[in-house]
Amino acid sequence: MFRLKKLKRKTEKDKIMEDFVFSLSESKTKNLLESAINGKKPFANFNRLIHQAGKERDEWFAFKLDWMKSWVINQLEWKLHEPDNDDE
């Protein structure tokens, strides 16, 4: 049995938000979210703003789900190609 590695560093968690903001077309919401992730308390500010957003809120949840699915698939592929160290 194996366990998936957790997202270790804050920067890995922040990467989801950054990738999402980068994917948005230019708008007031994008500018606000960009400021939020580059300021103090990026997660709290991003979270507050995204829950107030209209269509971007739904886009965020879909984007985050797709990102997390890809992350899990990559972890599983990595684990499948890792040499078996259980015999040591």
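Trainee: What share of the contacts in the protein with a separation of 6 or more comes from residues 24 or more positions apart?

Mentor: A contact means heavy atoms within 4.5 Å. In this protein, residues 24 or more positions apart account for 58% of the contacts with a separation of 6 or more. Please note that this is a predicted model, in which local features need pLDDT of at least 70 and side-chain atom pairs count only at pLDDT 80 or more, while totals for chains, interfaces and linings use all residues. Residues are numbered from 1 along each chain as its sequence is written, and side-chain values use heavy atoms, with hydrogens and water left out.

Trainee: How many helices and strands are there in the protein?

Mentor: Helices (H or I, at least four residues) and strands (E, at least two) are DSSP runs, numbered from the N terminus. The protein has four helices and zero strands, giving the pattern α-α-α-α along the sequence.

Trainee: How many salt bridges does a search of the whole structure find?

Mentor: A salt bridge is a side-chain nitrogen of Lys or Arg within 4 Å of a carboxyl oxygen of Asp or Glu. The search finds four. One of them joins D19 and K15, at 2.8 Å from N to O. Both residues belong to helix α1 (residues 10–23) and stand four residues apart, about one turn of the helix.

Trainee: Is K30 buried or exposed, and is E26 buried or exposed?

Mentor: The side chains of K30 and E26 form a salt bridge at 3.6 Å, N to O. K30 counts as buried because its relative accessibility is 9%, whereas E26 is exposed, at 63%.

Trainee: Which residues are linked with K55 in a network of salt bridges?

Mentor: K55 is linked with E56 and E59 in that network. The side chains of E56 and K55 meet at 3.9 Å, N to O. E56 is buried, at 10% relative accessibility, while K55 is exposed, with a relative accessible area of 53%.

Technical notes:
Buried means under 20% relative accessible area, exposed over 50%, partly exposed in between (1.4 Å probe, protein chains only).
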